[in-house]
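Let's go through this one together, question by question. Here is the structure to keep beside you.

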Amino acid sequence: MDLQKQTAPAGSEFRASDAERDRIADILHDALAEGRLTADEHAERVDGVLRAKTVGELEVFIRDLPAAHRQGPSPAPYRPTAGAIPMDPDDNVVAIFGGAVRKGRRRAGRRIHAYAIFGSVEIDLTEALFDHQQVVIKSFAVFGSVDIRVPENVSLRGMGGGVLGSFEVDTLDSGEPEAPVVYVDGWAVLGSVEARPKRGKFVADILDRVQRKVDKSLRKHLDH
């Protein structure tokens, strides 16, 4: 076969990656939440996404949705990157017939476990230092409550549910591609898990990190 005579495939003919499938699945998830798709339509399209082999086949499932044509940064995915989050927690916050609080200027671990059993847990990340872009807070509220607050310039995603309880996470998209993404997972059993941004609170070091990256690239260019 003469490779020099081959023409490069069009973008739509490239093989689809797992990340591209996840992006399409997230758009379909949003469309279901917005009422643009019925549950049956959503299930049918997600099944097609899993079977699709090329980028062009994937795009078919969202071409009638506004999100597919929006300009600007891509929204944060609804699931952490595979392998990015350790299985063991960096911090355990436990409240049994009492209360437990994590707040103030402290480093946010990649995985935080919160257990509220006939008690209350408060996790306030509005002044936290984010060394990692993805943070998972696994929350279990049994006849108790877990209350989570984040800066308003991070992305926030919910992945859990409630059993005779309330599991409420305010979906939030940051306009900064460098912004941390906080994923709240777990269960509320006859209790409540709530996560939302705290207005007026920002991760101050997002722009600092962007500037450091620009300065590093500039220095590398000047050195050459």
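**Confidence and overall make-up**

This is a predicted model with an average pLDDT (the predictor's confidence in each residue, from 0 to 100) of 84, and 83% of the residues score at least 70. Over residues 1–10, the pLDDT is below 50.

Local features need pLDDT of at least 70 and side-chain atom pairs count only at pLDDT 80 or more, while totals for chains, interfaces and linings use all residues. Residues are numbered from 1 along each chain as its sequence is written, and side-chain values use heavy atoms, with hydrogens and water left out.

Reader: How many helices and strands does the protein have?
Author: Helices (H or I, at least four residues) and strands (E, at least two) are DSSP runs, numbered from the N terminus. On that count, the protein has 13 strands and four helices.

Reader: Which residues of α2 are buried?
Author: Buried means under 20% relative accessible area, exposed over 50%, and partly exposed in between (1.4 Å probe, protein chains only). Exposed on the other side of α2 are A39, D40, E44, L50 and R51. The buried ones are H42, R45, G48 and V49.

Reader: Why do the buried residues of α2 line one face of the helix?
Author: Look down the axis and take the directions from the helix axis to the C-beta atoms. The buried residues line one face because they fall within an arc of 130°.

Reader: What do the buried residues of α2 pack against?
Author: Contact here means heavy atoms within 4.5 Å. The partners of those buried residues are α1 (18–33) and α3 (55–59).

Reader: Is E20 buried, partly exposed or exposed, and what is its relative accessibility?
Author: E20 sits in helix α1. Leaving aside neighbours within four places in sequence, it touches R15, V55 and L58. E20 counts as partly exposed, because its relative accessibility is 29%.

Reader: Which residues touch the most other members of the largest nonpolar core?
Author: A nonpolar core is a set of buried Ala, Val, Leu, Ile, Met, Phe, Trp, Tyr and Cys residues joined through side-chain atoms within 4.5 Å. The largest has 29 residues, and those touching the most other members are V121, I123, L125, V182 and V184.

Reader: How many residues are in the second, separate core?
Author: That core includes V49, A52, F61 and L65. Its residue count is twelve.
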